[in-house]
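Work through the exercises below with the sequence and the model open beside you, and try each task before you read its solution.

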Amino acid sequence: MSDSVSRNEEYPSKHIETPVSHPLAVKSKSAAPLKMVETAFLASTASLIWFINYYLSLGPLLRIFFPVPIALVYLRWGARAAWMATTVSGLLLSVLLGPTRGILYIMPFALMGVLLGAVWHRRAPWIVSISLGALLGTIGFFFRFWVLSVLSGEDLWVYTITQVTRFTEWAFLRLGLLAQPSVLLIEAAAIALVFVQNIVYLFVVHLASWFLLDRLGNSIPRPPHWVQVLMDYEEDA
């Protein structure tokens, strides 16, 4: 008996620990394939929308949805997945339509999707997301002009300035002003027109995303009160 006790004290029994998986780790592990599939699918969707619009020229209808798939990836899976979707869609369009079209989608529409997803994820009001998106869209407009001017060998900005000059002269004539608009005023008016155009575009994108993403279970911040009244919208209790 004493020998047995001393043997047990000398060689204590080994306690075998059974590994227990953490619930969050299991959930994260099981969600990884779904995250990868959804990211690839939405990146392909974004590329397909751009591809169809390029060949069929359906006007502003499909243009509304250019940044929405990337923004949806951000809302569902976060920033890393959104950047992955941006990269994949750019590479896919580069293969299908050439590097130029891939770059012109990434800047500004794919980056706009990442921006909108980040702002919507933080539940910022519409005025913030529309202003930031319009600023990015304005930068993207001039980036596109620069790329196309380099590729075509012509300064396309001159054509825009010519159109704005005609519009400014027409406005001065209607207002009874006899002064000749200065170059600085014309360029400022051109930039302002581009910015206003992007504000209108971002507002329509927000309206479409509000109706679409709500039905997909990834709601964006509520619109201003006047928009809710205009749309006869009532928040569910």
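This is a predicted model, in which local features need pLDDT of at least 70 and side-chain atom pairs count only at pLDDT 80 or more, while totals for chains, interfaces and linings use all residues. Residues are numbered from 1 along each chain as its sequence is written, and side-chain values use heavy atoms, with hydrogens and water left out.

**Exercise 1. Describe the overall fold.**

Step 1: Begin with the helices and strands, which are DSSP runs (H or I of at least four residues for helices, E of at least two for strands) numbered from the N terminus. The protein has 10 helices and zero strands, and its pattern along the sequence reads α-α-α-α-α-α-α-α-α-α.

Step 2: Turn to burial, where buried means under 20% relative accessible area, exposed means over 50%, and partly exposed lies in between, using a 1.4 Å probe and protein chains only. Of the 237 residues, 36% count as buried.

Step 3: Consider the contacts, which are heavy atoms within 4.5 Å. Among the contacts with a separation of 6 or more, 69% are between residues 24 or more positions apart.

**Exercise 2. Describe how helix 8 and helix 9 are arranged.**

Step 1: Two packed helices are described by the angle between their axes and the distance between the axes. Here the axes are lines fitted to C-alpha atoms over the stretch in contact, and angles run from 0 to 180 degrees between N-to-C directions.

Step 2: The axes of helix 8 (residues 157-174) and helix 9 (residues 183-215) come within 9 Å and cross at roughly 100°. Angles under 35 degrees count as roughly parallel, over 145 as roughly antiparallel, 65 to 115 as roughly perpendicular and the rest as oblique; helix 8 and helix 9 are therefore roughly perpendicular to each other.

Step 3: The residues that make this contact include Trp 157, Ile 161 and Phe 172 of helix 8, and Leu 185, Ile 186 and Leu 193 of helix 9.

**Exercise 3. Find the salt bridges and state how exposed their partners are.**

Step 1: A salt bridge is a side-chain nitrogen of Lys or Arg within 4 Å of a carboxyl oxygen of Asp or Glu, and the structure holds two of them.

Step 2: One joins Glu 38 to Arg 76, with the closest N and O atoms 2.6 Å apart. Because Glu 38 lies in helix 2 and Arg 76 in helix 4 (residues 68-77), the pair ties together parts that are 38 residues apart in sequence. Glu 38 counts as buried at 17% relative accessibility, whereas Arg 76 is partly exposed at 34%.

Step 3: The other is formed by the side chains of Asp 214 and Arg 222, at 2.9 Å from N to O. Asp 214 is partly exposed at 26% relative accessibility, and Arg 222 is partly exposed at 24%.
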